[in-house]
Amino acid sequence: MEIKVFSMKGCQYCDKLKNKLTENKIDFIEIDVDENDKSFSKKVNNDLLPAVLIDKTAFLPDKSFKTIDEAVVQIKTHLQVL
């Protein structure tokens with residue numbers, strides 16, 4: 001299973017999420033939307049960052065989670081179900 005974290009340089013929320021995932025030993029692939037993937041908003045149906053895509057399930061700010069800690073809990077829960 002592949003976990004993709006869509007982020008961009010200078011985004012403090014992106015950095016915080018990546019740090020929290022690393023602390024929780026959750027491996028992910030970082031995709032910098034400015035450098036690598038201009039179509040990310042179509043993939044996750046959202047323009048806000050950080051966004052996480054696990055297979056076909058998207059975790060999106062202001063839709064799936066309000067805080068970075070909440071995002072990590074949801075991601076961990078989703079991974080346990082898989």
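Modeller: The face of α1 turned away from its buried side carries Gln12 and Glu23, which are exposed, where exposed means over 50% relative accessible area, buried means under 20% and partly exposed lies in between, with a 1.4 Å probe and protein chains only. This is a predicted model, in which local features need pLDDT of at least 70 and side-chain atom pairs count only at pLDDT 80 or more, while totals for chains, interfaces and linings use all residues. Residues are numbered from 1 along each chain as its sequence is written, and side-chain values use heavy atoms, with hydrogens and water left out.

The buried residues of α1 are Cys14, Leu17, Lys18 and Leu21. Seen down the axis of α1, these buried residues fall within an arc of 95°, so they line one face of the helix; the arc is that of the directions from the helix axis to the C-beta atoms. An α-helix has 3.6 residues a turn, so residues three or four places apart point the same way.

Helix α1 covers residues 12-23, and its 12 residues should span 16 Å at 1.5 Å a residue, which agrees with end C-alpha atoms that are 16 Å apart; the expected span is 1.5 Å times one less than the number of residues. Helices (H or I, at least four residues) and strands (E, at least two) are DSSP runs, numbered from the N terminus. After α1 comes Lys25, with a positive phi near 55°.

As for its surroundings, the buried residues of α1 pack against β1 (3-7), β2 (29-32), β3 (51-54) and α3 (68-81), contact being heavy atoms within 4.5 Å. Strands β1 and β2 run parallel and are joined by four bridges, two strands being paired if DSSP finds at least two bridges between them. The bridge partner of Phe6 in β2 is Ile31, and the chain crosses from β1 through α1 to β2 in a right-handed β-α-β crossover. Right-handed here says that, with the strands pointing away from the viewer, the path from the first strand over the helix to the second runs clockwise. On β1, four of the five residues are buried, and four bridges also join β1 to β3, these two strands running antiparallel; in β3, Leu53 is the bridge partner of Lys4.

The largest nonpolar core has 13 residues, of which Leu17, Leu21, Val52, Ile54, Phe59 and Ile75 touch the most other members; such a core is a set of buried Ala, Val, Leu, Ile, Met, Phe, Trp, Tyr and Cys residues joined through side-chain atoms within 4.5 Å. Two or more residues of this core come from each of β1, α1, β3 and α3, and α3 gives the largest share, four residues. Leaving aside neighbours within four places in sequence, the contacts of Val52 include Leu17, Phe59 and Ile75.

Helix α3, one of the elements packed against α1, has Ile68, Ala71, Val72, Ile75 and His78 as its buried residues. These fall within an arc of 130° when seen down the axis of α3, so they too line one face of their helix, and what covers them includes α1, β3 and β4 (57-59). On the other side of α3, Val73, Gln80 and Val81 are exposed.
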